[in-house]
Amino acid sequence: GEHAVMCKVPVLISVSPPKVAKLCVCDLLVAQCDVNCCCDPDCSAADFSLFTTCSVPVVTGDSHLCSQKAAIYSLDVEANPPERVFKLIDQVNPSIFCIHATNYEQALTFSSPEIPTSENFDQLLKQFGSATFSAEPESWDLNTDDQSLSDANETYRYQYGVPIQTVDAFLRLPSPVVSSWCSDENPAGFLVNQATKCIRSVSVEKCDDIQAVSMLFYTNSSILAKLYEFVFQVNISVQSIVVQSLNGMRTLLNDRDVLRLPMILDELCINIVLGVSYHITYTDAGEIIEAAAAFVLGAISKEALSIEQSFEISFTQVNTTPVPLSGNPGYVVGLPVRAGFRPQGYPFPVEMIQLTILQSTSNQDCLAAQGARAPVLFGYNMISGCKLRITAAMKCQPLTQALLDLLKGQSFPEYVASFGNSQAQDVLDWVPITHLRISEQRIYNTFQSSCQIPVSLEIEVKWTKYGSLVNPQARIVNVTATITTTTLKELPSGTERTIPITSSVVFTDVSSPAEPGYKAWPTINAKLPFDFFFPFV
Amino acid sequence: NSSSQMSSVPLQLLFYVNGIYLIFYFLATLAMVLYKRQAFSYPEDFLSVDLTLLVITAIAEVLRLYLGIRGNLTEEEGLLGLSLVMTVGSVFLAVYFLVWQTYVLKIDVILNTILLLFYGMESILKISAIAAFIR
């Protein structure tokens, strides 16, 4: 409005020509000659003689100008060798609408946008903040009709790999980037199960200064339930806190509501976060409804300069229980064999447990074993055992029972899954375990009243290859558990005997080998046509 | 001597042609401003300045021509003198459109040069007419 007339200083700017002689759009390689680029200053006369045509024949300024300089490049093929011809001419625009002069210095150039500052922000927002300048396809208006609402639902749900958003930024899963040092900028992706370990530098003096070793850092920002929507937020709850002492022993704390922040105690810095394990629950609509974090807190001493932190995130769909599969469909070598037992009254196996065998401990005494068991991994033959010290005072029946419990474990399954992904309700996919009992002695004593104690359990798993020849799947067809018993002889009192107890798992491949098949020999199929003997037949 | 006519006929002719030319000039310049607005980057404040000056030019021209015609026909040197003074302002405006406009197209140069020629010739004839009237 009224400011312009007096403030404007009329200055006639004869349009300064861009240096057309120096402008070359086909000069892409630095210090190297571009092929067929006649304006390239890096090309020598020898290079020009090899060109076939000029990719850029004319370089001019703005064509609206009445008079402008133009650089014309052409190849003179008549000469031997061909040479480049460069002419700088004045190009005249014959139209009467050509620009003779301008007084507006930004007339013929692209304008660089204003940098927003606190002074001009409001004006810029008014100018560029309207819908026509909006780059985002979704609108922020909440009261829209159903069509756009369902579109909004479509775009606002989390999809695989999308970083999980929190109120201020992203859910962070610190991970090593280039070196082993923790970088806090790694976002957790939706449905991407990750486990990372990284090293962070700490010191006892800066105990409460470093944010990333405090529980608050990992629980303070809320996760957005849907993408870009700040209305629904999910707070990160503390699922459990395990405290690890300096010698590595871990104890689960009962009270998990108190936020434990790092503090200095007796020259140690305690409540340092050593590990966080996030568990996110989501719905099938792509919304996050729950988030829990399990912490491992530790302590560092004065000498410690760095700690290793481990982070993990896992996703569970709501109303489902995650059942880890051991293969899909065939068993994968190294994954646990799935087993189950059938409670009374149900027609199909419901309870799923793992097939386990006795695990050897450093203390080889069977009766002192704490009941440590190892899961049976498909394809891995295992053998374990312990030594049993029998004294005269031991009674047969309790000893037999104790050894059976030791060998078989607390709950020995009745069925084993045939495939790695067998579901509980598919009856035919479960193989019953056959139990055999053999006695070591070949010759039976006349008096069977002597005690038979089990000394070994051998599980033989027979599996076959199932499916196509190029991608065979492992399938368990038979599981046999054989208990071998031996006679416990009466011991004179005061003496003791040591017998070894073993348990083993053996996997046997019973798949039938592929039989070679040959194509049938070609035969000559010579037959006379049907109506060869036409008039007669 | 009362029968000798002192009004300048060439001046009257010039006024007449100038009047017709003014209409053409106004419409053409307005059309050019609209064309420039559409074809080039023409910020609103520059545009408003140019349009305002164009309207002022039109009004000033009408007034100037009226004063000149009346002064010439009634042989009054006062009105003719006033018209001459207004010509100075009109020259300034024509120079603005010739040189200081936001975008000066070739057609603008042509139009304004012709206008300046008119002003020049009219000024000479006005001076001689005033001299004749005073005598």
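In this predicted model, Thr281(A) touches Glu287(A), Ile288(A), Ile289(A) and Glu290(A), along with Thr316(A), Gln317(A) and Val318(A), leaving aside residues up to four places away in sequence. Thr281(A) belongs to strand β13 of chain A, which covers residues 268–282. Its relative accessibility comes out at 15%, and since the cut-off for buried is under 20%, Thr281(A) counts as buried.

Now for the place where the two chains meet. Here 19 residues of chain B are in contact with 21 residues of chain A, and the area buried between the two chains is about 1800 Å². Carbon and sulfur atoms give 66% of that area. On the chain B side, Phe46(B), Trp100(B) and Lys106(B) stand out: together they supply 27% of what chain B buries against chain A, more than any other three residues.

The elements of chain B that give two or more residues to the side touching chain A are α1 (9–39), α2 (44–73), α3 (77–100), β1 (103–105) and α4 (106–134). Sorted by class, that side of chain B has 14 nonpolar residues, 3 polar ones and 2 charged ones.

Strand pairing also crosses between the chains. Strand β4 of chain A (residues 99–102) is joined to β1(B) by 3 bridges, and the two run antiparallel. Within this pairing, Ile99(A) sits opposite Leu105(B) of β1(B).

Notes:
Residues numbered from 1 in each chain as written. Chains lettered and ligands numbered in written order. Predicted model: local features only at pLDDT ≥ 70, side-chain atom pairs only at ≥ 80, totals over all residues. Heavy atoms only, no water. Contact = heavy atoms within 4.5 Å. Buried area = accessible area lost by both parts, 1.4 Å probe. Helix = DSSP H or I, 4+ residues; strand = E, 2+ residues; numbered from the N terminus. Nonpolar A, V, L, I, M, F, W, Y, C, P; charged D, E, K, R; others polar. Pairing = 2+ DSSP bridges. Buried < 20%, exposed > 50% of the residue type's maximum accessible area, 1.4 Å probe, protein only.
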